[in-house]
Amino acid sequence: MDGEGKVVCVTGASGFIASWLVKLLLQRGYVVKATVRDPNDPKKTEHLLALDGAKERLHLFKADLLEEGSFDLVVDGCEGVFHTASPVMFSSISDPQAELIDPAVNGTLNVLKSCTKFPTIKRVVLTSSMGAVLYNGRPLTSNVVVDETWFSDPLFCEELKAWYFMSKTLAEQAAWKFAKENGIDMVTINPAYVTGPLLQPTLNYSLEMLLNLKNDIDEVTAANYLSVDVRDVVLAHVQAFEVPSASGRYNLAGSVTPMVEALKILKELHPSLHPPEICEHDIPTAPEQQVSQEKAKSLGVSFLPLEASLRDTIESMKENGFLKT
């Protein structure tokens, strides 16, 4: 086990990606210090405490993104810090600054400030997003290959009212500036929409979006569905910590698929997810730009095919009562 005897921290541990990350870290023998907003809420903790190795090597802590110093106790003694905690909201946002931007930016900086206090920390792995990559006004035509040099433009995100993407962009920009100024070895992971089976008992946004595709059909059919399986995402996180040569940003998009094609797969897996009124031959498809996988594959990520990931996702949703069997 590569992590035997090593202590690491995972922030926002009850989330979709973070729960799988805790699971993989425990499998590799790490001692995991994990933060949750409320350690007394069983919906946030029971699935974590049930993981193999949790009884011996998982320690839960309460931490607040907006409270400076809140992460001191949890990062003390760690060799690695995985910062995944950040609010995810795409609708019903009344105050983007307070609800999304401040927790994302200030929360990230608070975690990094805590990291500067403890010389044991060798590397920070930050969970960013393809939302911090794609939204800059550059045309996404079929001959375009998006790579790690792309950054979203906060002003462009603001024009689109894409507040979540704006929050992730500003948080990553602030993190890189702080890391460089303070000598922090940091790597960022930038996943597309994350699919795959659930560990937590609640439905996260990217999976909820799958259930709602048929209701938002006019908006989504002319778009591409950029996705990556959660198991590939967490492998990239752990490899980004363990591989000494890992550096910079890593875009994770296992599949760039026209939404119509994704809907066809979903229809085969669960008929209720495909709106019957669609006339597929009348639907325009978006240019299928590519996202470079070169850097991600250098970490040993091979990417699960979309159909396999969606099959596991749908089966998990049925098992957890989010879809009728």
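Both faces of strand β7 are covered, with Met186, Thr188 and Asn190 buried on one side and Val187, Ile189 and Pro191 buried on the other; buried denotes under 20% relative accessible area, exposed over 50%, and partly exposed in between, with a 1.4 Å probe and protein chains only. The model is predicted: local features require pLDDT of at least 70, side-chain atom pairs count only at pLDDT 80 or more, and totals for chains, interfaces and linings use all residues. Residues are numbered from 1 along each chain as its sequence is written, and side-chain values use heavy atoms, with hydrogens and water left out.

- Strand β7 comprises residues 186-191, and six of its six residues are buried; strands (E, at least two residues) and helices (H or I, at least four) are DSSP runs numbered from the N terminus.
- In a regular strand, side chains alternate between the two faces of the sheet.
- Strand β5 (residues 123-127) pairs with β7 in the parallel sense over four bridges, where pairing requires that DSSP find at least two bridges between the strands.
- Strand β10 (residues 248-252) also runs parallel to β7, joined to it by five bridges.
- Thr188 of β7 stands opposite Leu126, and its bridge partner in β10 is Arg249.

**Glu172**

- Glu172 lies in helix α7 (residues 163-182) and is buried, with a relative accessible area of 1%.
- The Glu172 side chain makes polar contacts with the side chains of Asn190, at 3.0 Å, and Arg249, at 2.6 Å.
- A polar contact is a pair of N or O atoms within 3.5 Å; within protein, one must be able to donate a hydrogen and the other to accept it, and residues adjacent in sequence count only if both atoms are side-chain atoms.
- Beyond its neighbours within four places in sequence, Glu172 is in contact (heavy atoms within 4.5 Å) with residues including Leu126, Thr188, Asn190 and Arg249.

- Among the buried residues of α1 are Trp20, Val22 and Leu25.
- The largest nonpolar core has 58 residues, of which Val10, Val22, Leu25 and Val32 touch the most other members; a nonpolar core is a set of buried Ala, Val, Leu, Ile, Met, Phe, Trp, Tyr and Cys residues joined through side-chain atoms within 4.5 Å.
- The largest share of this core, nine residues, comes from α1.
- Apart from this core lies another of 36 residues, among them Phe61, Val74, Val124 and Ala175.
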